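Please consider the structure shown below together with its sequence.

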Amino acid sequence: MPVIRFVREGRDVECYPGENLREVALREGIALYGLKGQLGNCGGCGQCITCFVDVVGESSPGSLSGRTAVEEQKLRRRPQTWRLACQALVNQSVVVLTKPQTGLGDLDQKVSQAKAQPLPVGPTAWPVQESEGDDDAADPANNDQRPGQTTTSDEEP
């Protein structure tokens, strides 16, 4: 699975390909928002621009989906490496810095450590799960009988 390496938090988090970066971060308890974002965010619509992250040293272009029109408009005065987490889909493993607008004393050291460790590539597709109900219906041998138990049409219920 793709791994999102959160530099500030020092955590690696697995996700499925195509998952929304904001949703993964929130699910894993990663603090995406500063005070302004905590008090009022748009819930992932790309309107408040409080969930931006910095994609650190993207080793493989395309690890996140391309910038959306919303991002192009909202982030036009920000560095090109900044993304709105609510608009970014994770395609491959990536290193991100949450809350890049706030300082971090040992930022250079943490970034170099994060970039020094290789990121796993992971699978490129969601796992396929077979429905349990389909298996029983498709298997005529599975008729919910115990071994050694027989039924005949002459028996009364």
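**A glutamate and its surroundings**

In this predicted model, Glu71 is part of helix α3, which spans residues 69-74. Is Glu71 buried or exposed? Glu71 is buried, because its relative accessible area is 0%, under the 20% that marks a buried residue.

The side chain of Glu71 makes polar contacts with backbone nitrogens. One of its polar atoms lies 3.0 Å from the backbone nitrogen of Thr68, and the side chain also reaches the backbone nitrogen of Leu84, at 2.9 Å. Beyond residues up to four places away in sequence, Glu71 touches Gly66, Arg76, Arg83, Leu84 and Gln87.

The discussion now turns to the nonpolar residues. The largest nonpolar core holds 24 residues, and the members that touch the most others are Ile4, Phe6, Leu21, Leu32, Cys51 and Val96. At least two residues of this core come from each of β1 (3-6), α1 (21-27), β4 (52-55), β5 (82-84) and β7 (94-98). Leu32, for its part, is in contact with Arg22, Ala25, Thr50, Cys51, Val53, Ala85, Thr98 and Lys99, when neighbours within four places in sequence are left aside. Another core, of six residues, lies apart from the largest one; Val56, Leu97, Val111 and Ala114 are among its members.

Finally, confidence should be considered. The chain has a mean pLDDT of 79, with 76% of its residues at 70 or more. Confidence is highest in strand β3 (residues 19-20), at 96, and lowest in helix α5 (residues 132-138), where the mean is 55. Where pLDDT is low, predicted coordinates should not be read in detail.

Note on methods:
Residues numbered from 1 in each chain as written. Predicted model: local features only at pLDDT ≥ 70, side-chain atom pairs only at ≥ 80, totals over all residues. Heavy atoms only, no water. Helix = DSSP H or I, 4+ residues; strand = E, 2+ residues; numbered from the N terminus. Buried < 20%, exposed > 50% of the residue type's maximum accessible area, 1.4 Å probe, protein only. Polar contact = N/O pair within 3.5 Å; in protein donor to acceptor, adjacent residues only side chain to side chain. Contact = heavy atoms within 4.5 Å. Core = buried A, V, L, I, M, F, W, Y, C linked by side-chain atoms within 4.5 Å. pLDDT = per-residue confidence, 0-100.
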